[in-house]
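Trainee: I am new to this structure and would like a close look at one of its strands. Could you take me through it slowly?

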Amino acid sequence: MSVLDGPCLRFVDEDGRQQELVLSTDNPRVTVGRSPQADVPLTWDDEVSRLHAAIEWIGTHWTIVDDGLSRNGTYVNGERLAGRRRLRVGDRIRLGASILTFHEFGATVDDVTRVSTGAIPTLRSLTETQRSVLIALCRPYKHNATFASPAANQAIANELFLSVDAIKTHLRALFSKFGVEDLPQNQKRVRLAELAIQSGIISERDL
């Protein structure tokens with residue numbers, strides 16, 4: 001069982017370097033925006049508003065809030081944020097073209113499991129082909145690529161020398177194993193890739 005670092009926000013700066021901002025209840029409000037004065041200053045991203053969103057400690061957990069101050073909105077795991085939302089381990093926050101990920105102190109892979117609607121499988125429970133499909137699906141995320149999205153079925157099929165129909169069959173099995181089969185179609189692949197990486201089943205070395 002691995003322990004994730006945090007609580008913190010991780011993001012890639014304009015030079016492609018991974019940055020980490022440690023969150024502390026001593027500073028219960030962290031601002032994110034294009035302004036150089038923001039706690040997370042995304043000064044290079046023209047799609048981010050000067051004050052875009054805030055990360056706030058409320059009661060017993062960290063939340064993200066966007067009260068309509070941003071012109072392009074804030075998205076958490078592909079869903080547009082309306083008001084306030086509790087942050088959970090592995091949440092992927094998109095502001096403009098920038099991606100932040102949330103990691104929580106002392107949170108284990110078991111906590112990542114609870115984020116999904118099902119249970120994250122163990123590496124041993126995956127077939128060799130299923131793991132190969134997962135690696136190919138996640139490959140665009142290599143080096144924490146900011147603009148990454150999961151590989152298309154055709155790209156996975158080409159890499160593994162399988163038919164697109166075979167890839168779809170393997171993905172359906174993976175959606176079920178990772179408990180994301182009930183998500184909207186456009187979110188399944190993104191969430192599957194996120195859970196595979198956040199849980200450590202797919203590592204940077206695999207990609």
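Mentor: What follows is a look at one strand and its neighbours in the sheet. This is a predicted model, in which local features need pLDDT of at least 70 and side-chain atom pairs count only at pLDDT 80 or more, while totals for chains, interfaces and linings use all residues. Residues are numbered from 1 along each chain as its sequence is written, and side-chain values use heavy atoms, with hydrogens and water left out.

The strand is β1, residues 8-12, where a strand is a DSSP run of E with at least two residues, numbered from the N terminus. β1 belongs to an open sheet of six strands, ordered β2-β1-β11-β10-β7-β8 with antiparallel pairing, and two strands count as paired if DSSP finds at least two bridges between them. Because β2 (18-22) and β8 (79-80) stand at the edges with a single partner strand each, one side of each has no neighbour in the sheet.

Towards β11 (residues 98-103), β1 runs antiparallel and is joined by four bridges; cysteine 8 has histidine 103 as its bridge partner there, and arginine 10 has threonine 101. Towards β2, the antiparallel pairing extends over five bridges, with valine 12 partnered by glutamine 18. β1 and β2 form a hairpin with five residues between them, and in that turn glycine 16 has a positive phi of about 85 degrees.

As for covering, five of the five residues of β1 are buried, meaning under 20% relative accessible area with a 1.4 Å probe and protein chains only. Cys8, Arg10 and Val12 lie on one side and Leu9 and Phe11 on the other, and both faces are covered.

Notes
Buried < 20%, exposed > 50% of the residue type's maximum accessible area, 1.4 Å probe, protein only.
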